[in-house]
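Me: I am new to this structure and would like to learn how to read it step by step. Could we take one feature at a time, with the general idea before the case at hand?

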Amino acid sequence: MPTYDYKCNQCSHVFEYFQAMTDEPLSVCPECGGEVKRMIGGGSGLIFKGSGFYVTDSKKSTSGSSSK
Ligand SMILES: [Zn+2]
């Protein structure tokens, strides 16, 4: 479950909110009822790895199977 950061445009109240990615984003500040914006960023998120990554043919080194 990702955490989203919101910031209110009205009172500059910043808060975090747990919600699923399928949930609708918050749009109302819980403090003043103003409009909030979701701030994208931070540590959470998807990390895509492996695309365009090729292992060389040399099997000499004991790299083994790096499955992560
Ligand atoms: Zn507010």
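Reply: Strands here are DSSP runs of E with at least two residues, and helices are runs of H or I with at least four, both numbered from the N terminus. Please keep in mind that this is a predicted model, in which local features need pLDDT of at least 70 and side-chain atom pairs count only at pLDDT 80 or more, while totals for chains, interfaces and linings use all residues. Residues are numbered from 1 along each chain as its sequence is written, and side-chain values use heavy atoms, with hydrogens and water left out.

Me: How many helices and strands does the protein have?

Reply: The protein has three strands and zero helices, and along the sequence it reads β-β-β.

Me: In what order do the strands lie in the sheet?

Reply: Two strands are said to pair if DSSP finds at least two bridges between them. Here the three strands make an open sheet in the order β2-β1-β3, with antiparallel pairing. Since β2 and β3 stand at the edges and each has a single partner strand, one side of each is left without a neighbour in the sheet. From one strand to the next the twist averages 35°, where axes are lines fitted to C-alpha atoms (for helices over the stretch in contact) and angles run from 0 to 180 degrees between N-to-C directions.

Me: Over how many bridges do β1 and β2 pair?

Reply: β1 and β2 pair in the antiparallel sense over five bridges, and they form a hairpin with five residues between them, where Ser-12 in the turn has a positive phi of about 60°.

Me: Which residues of β1 are on its covered face, and which on its uncovered one?

Reply: Tyr-4, Tyr-6 and Cys-8 make up the covered face of β1, while Thr-3, Asp-5 and Lys-7 make up the uncovered one. For single residues, buried means under 20% relative accessible area, exposed means over 50%, and partly exposed lies in between (1.4 Å probe, protein chains only). By that reading, buried residues make up 12% of the 68 residues in the protein.

Me: Which atoms hold the zinc ion as protein donors?

Reply: Donors are N, O and S atoms within 2.8 Å of the metal (3.2 Å for Na, K and Ca), and sites may look incomplete because water is not among the atoms. For the zinc ion the protein donors are the SG atoms of Cys-8, Cys-11, Cys-29 and Cys-32, at 2.3 to 2.4 Å from it, and these residues are spaced C-x2-C-x17-C-x2-C in sequence. Cys-8 lies in strand β1 (residues 3-8) and Cys-32 in the loop between β2 (14-18) and β3 (36-39), so the pair ties together parts that are 24 residues apart in sequence. Cys-8 is buried, with a relative accessible area of 2%, whereas Cys-32 is partly exposed at 37%.

Me: What is the geometry of the zinc ion's site?

Reply: Four donors count as tetrahedral if all angles lie between 85 and 135 degrees. The site of the zinc ion is tetrahedral, with angles of 102 to 117° among its four donor atoms.

Me: How many aromatic pairs does the structure hold?

Reply: Rings of Phe, Tyr and Trp (its six-membered ring) pair if their centres lie within 6.5 Å, and planes under 30 degrees apart count as stacked, over 60 as edge-to-face and the rest as tilted. The structure holds two such pairs. The rings of Tyr-6 and Phe-15 have centres 5.5 Å apart and planes at 15°, so this pair is stacked, and both Tyr-6 and Phe-15 are buried. The rings of Tyr-6 and Tyr-17 have centres 6.4 Å apart and planes at 75°, so that pair is edge-to-face. Tyr-6, Phe-15 and Tyr-17 form one aromatic cluster.

Definitions and conventions: Tetrahedral: all angles 85-135°; square planar, octahedral: opposite > 155°, others 65-115°.
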